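Here are my notes on the model, point by point. Please read them with the structure open.

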Amino acid sequence: MIGISQPLIRKVRTGNEGITMKKFRCGDVVPGCTARFNGDEASILAAVAAHAGADHGLVEVPAELVAQVRAAMVDVAE
Ligand SMILES: [Zn+2]
């Protein structure tokens, strides 16, 4: 399975409120990729890890890439 080091996944949930919804375009990190993800940070990182394995052939997501993904995420306005 594809793994991301636990310290890199921070839950943004603070209860039923306070969930910060974000979006991420893989193309911001991997030029040409059209995949897009929406959700809270942990959900996006998990989805990106699966996508990176399925579509980009990464057996694991390096911390550097996780940092790039997190930096490229933007908040989604309600
Ligand atoms: Zn991609």
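1. What covers the buried residues of helix 1? The cover includes strand 1 (22-25), strand 2 (36-39) and helix 2 (63-72). Keep in mind that this is a predicted model. The buried residues of helix 1, which spans 41-56, are Glu41, Ile44, Leu45, Val48, Ala49, His51 and Ala52. An α-helix has 3.6 residues a turn, so residues three or four places apart point the same way. After helix 1 comes Gly57, with a positive phi near 70 degrees.

2. Overall layout. The chain has 2 helices and 3 strands. Read from the N terminus, the order of elements is β-β-α-α-β. Of the 78 residues, 15% count as buried. Among contacts with a separation of 6 or more, 58% come from residues 24 or more positions apart.

3. The 3 strands make an open sheet with antiparallel pairing, in the order 2-1-3. Strand 2 and strand 3 (74-75) are at the edges, and each has a single partner strand, so one side of each has no neighbour in the sheet. Helix 1 packs on the sheet and touches strand 1 and strand 2. The direction of helix 1 makes about 150 degrees with that of strand 2.

4. Strand 1 with strand 2. These strands run antiparallel and are joined by 4 bridges. Phe24 stands opposite Phe37 of strand 2.

5. Phe37. This residue belongs to strand 2. Is Phe37 buried or partly exposed? Phe37 has 18 C-beta neighbours inside 10 Å, so Phe37 counts as partly exposed. The cut-off for buried is 20 or more. Leaving out residues up to four places away in sequence, Phe37 touches Lys23, Phe24, Ile44, Ala47 and Val48.

6. Gly39. Strand 2 also holds Gly39. Gly39 has 18 C-beta neighbours inside 10 Å and therefore counts as partly exposed. Beyond its neighbours within four places in sequence, Gly39 is in contact with Met21, Ile44 and Ala47. Gly39 and Thr20 are 19 residues apart along the chain, and their C-alpha atoms are separated by 8.1 Å.

7. Strand 1 with strand 3. The pairing here is antiparallel, over 2 bridges. Which residue of strand 3 is the bridge partner of Lys22? It is Asp75. Asp75 and Lys22 are 53 residues apart in sequence, yet 4.3 Å apart in space, C-alpha to C-alpha.

8. Asp75. The residue lies in strand 3. Asp75 is exposed because 9 other C-beta atoms lie within 10 Å, and the exposed class takes 12 or fewer. Setting aside residues up to four places away in sequence, Asp75 touches Thr20 and Lys22.

9. The core. Which residues make up the largest nonpolar core? It has 10 residues: Phe24, Cys26, Ile44, Leu45, Val48, Ala49, Ala52, Val61, Val69 and Met73. Helix 1 gives the most to this core, with 5 residues. One core member, Ala52, touches Leu58 and Val61, not counting residues up to four places away in sequence.

10. Met73. Where is Met73 found? Met73 is in the loop between helix 2 and strand 3. Met73 is buried because 22 other C-beta atoms lie within 10 Å. Met73 is also a member of the largest nonpolar core. Residues up to four places away in sequence aside, Met73 touches Lys22, Lys23, Phe24, Glu41 and Ile44. The C-alpha atoms of Met73 and Arg25 are separated by 7.7 Å, and the two residues are 48 residues apart along the chain.

11. Ile44 is buried in helix 1. Ile44 is among the contacts of Phe37, of Gly39 and of Met73. Phe24 is likewise touched by Phe37 and by Met73. Both Ile44 and Phe24 belong to the largest nonpolar core.

How values were computed
Residues numbered from 1 in each chain as written. Predicted model: local features only at pLDDT ≥ 70, side-chain atom pairs only at ≥ 80, totals over all residues. Contact = placed C-beta atoms within 7 Å. Pairing = 2+ DSSP bridges. Axes fitted to C-alpha atoms, helices over the stretch in contact; angles between N-to-C directions. Core = buried A, V, L, I, M, F, W, Y, C linked by C-beta atoms within 7 Å.
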